[in-house]
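Biologist: Please take me through this model term by term. For each label, I want the cut-off behind it.

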Amino acid sequence: MGVSGIVFSTPFAVLTYFLMWYVPPFEQGKVVWYLVFYCVFQSMVTCFHVPYSALTMFISPDQKERDSATAYRMTVEVLGTVLGTAIQGQIVGGTSDCPTVPDVMNSTNISRINTSSVSLEETKQAYLVASGVICIIYIICATVLFLGVKEQKEHRRNNSDPLTFLQGLWLVMSHGPYIKLVIGFLFTSLAFMLLEGNFALFLIYSLGHRKDFQNILLVIMLSGCLTIPFWQWFLSRFGKKTAANFGILWAVPFMTLMVCIKSNLIISYLVAVAAGVSVAAAFLLPWSMLPDAVDDFRVKNPDINGHEALFYSFYVFFIKFASGISLGISTLSLKFAGYVIGSCTQPEAVSFTLNVLVSAVPVCLIAVGLLILKTYPIDEERRQSNQTFLKKIIESEADSESETSALGSTV
């Protein structure tokens, strides 16, 4: 069922993503056009993402192998983000013709500067080319996933009690460690989404790095990609809770530094490298800790099986929920600040709002999230105990199956 969801969703996701960047020839109804295709695209991505992420539980019953698979998966995901940022940023970014002098960018004069040298048609074409390239990459990656990943058969117990969807949902949502994990990372994810969603505007309008912001974003993602192996070693050496606390807190001083220093391109690149280290932890740790919560549920409910997808689907739901909240906060805040779409300069209120959105608000959200994660009860001792318990169950099932086979052959 998981693989079929991936296969079914891929062509629709590709088509709707491309149409999101296509400008229809009519004026009336454009809002409906983009709203429909954006919603369908997000639905198709969810259909892809839930079975894709849940495969972690089915490629191996061993925690170390699952952690290793998660590290590889998140490394490639960040690498894909780097690739997408490079393609979209370099192709589309070249169509901007605004001046890059910081004094001009930071002035209070918000009159529009003539950008007629770059035509609207060229901009439309750039977006279409970038989206077409990303669609091709999407298809290639989905094909590799479908053909290259083999999931192991799930061990089902003979005394397993059948449950309805609502019964399973209630059990999952009442599992304390899972709820604490999800809510804690909901706040930290919202913090990083606010940072990511507004960082490009912050670089352009607050720091004046219009011509360099694509490269700075690339540096952040490259730094994150390269440091995921470090965090994988760190969590195996010091534990996942310690890694989560240290890794996410690492971003706080750099979030503060960004808004305190005067605009300086070299310092901006250095901050980008350091921030990427924390982005890597934010990518890796939630998905590495989620299987542990699922294993803890299995230990507490040994006669219940087949609800792993619920854990992953609701975590994806909360991530989407955080993304929607982030988008709403950013849009409304910038609107009230007087943000002018397409303008090369913005009011001082916009610069102040961007400073708050990439620094003060994320720092507060990280503090709340880490306080909640502090109550997360699955430490390394409990994790190892759960793993030992589940291994014994699997071994006993294997012995039972071999005995049954032997009796059948004897008869």
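**Labels and cut-offs**

Modeller: R298 and D295 are both buried. The model is predicted, so local features need pLDDT of at least 70 and side-chain atom pairs pLDDT 80 or more, while totals for chains, interfaces and linings use all residues. Numbering runs from 1 along each chain as its sequence is written, and side-chain values use heavy atoms, without hydrogens or water.

Biologist: What makes a residue buried, partly exposed or exposed?

Modeller: Relative accessible area decides: under 20% is buried, over 50% is exposed, and in between is partly exposed (1.4 Å probe, protein chains only).

Biologist: Why is the contact between R298 and D295 called a salt bridge?

Modeller: The rule asks for a side-chain nitrogen of Lys or Arg within 4 Å of a carboxyl oxygen of Asp or Glu. The closest N and O atoms of R298 and D295 are 3.5 Å apart, so the pair qualifies. Both residues sit in helix α12, three residues apart, about one turn. The same rule gives a count of ten salt bridges.

Biologist: What makes the salt bridge of K240 and D292 a tie between parts of the chain?

Modeller: The side chains meet at 2.8 Å, N to O. K240 is in helix α10 (residues 240-249) and D292 in helix α12 (residues 265-300), so the pair ties together parts 52 residues apart in sequence. K240 and D292 are both buried. They also belong to a salt-bridge network with D67, E380 and R383.

Biologist: What counts as a helix, and how many are there?

Modeller: Helices are DSSP runs of H or I with at least four residues; strands are runs of E with at least two; numbering starts at the N terminus. The protein chain has 15 helices and zero strands.

Biologist: Where does α9 bend?

Modeller: At T227, by about 40°, with the proline P229 following within four residues. The bend is the angle between axes fitted to the seven residues ending at a position and the seven starting there. After α9 comes G239, with a positive phi near 100°.

Biologist: Why is L203 given its burial label?

Modeller: Its relative accessibility is 1%, so L203 counts as buried. L203 lies in helix α8 (residues 176-206). Leaving out residues up to four places away in sequence, L203 touches G208, H209, F213 and I216. Contact means heavy atoms within 4.5 Å.

Biologist: What makes F317 part of a nonpolar surface patch?

Modeller: Patch residues need over 30% relative accessible area and no salt bridge; like charges are joined within 9 Å, nonpolar side chains (Val, Leu, Ile, Met, Phe, Trp, Tyr) within 5 Å. F317 has 45%, so F317 is partly exposed and passes the area cut-off. With F321, I325 and I329, F317 makes a patch of about 330 Å². Areas come from the Shrake-Rupley method with a 1.4 Å probe; for residues, only the protein chains shown count as cover. F317 lies in helix α13 (residues 308-337).
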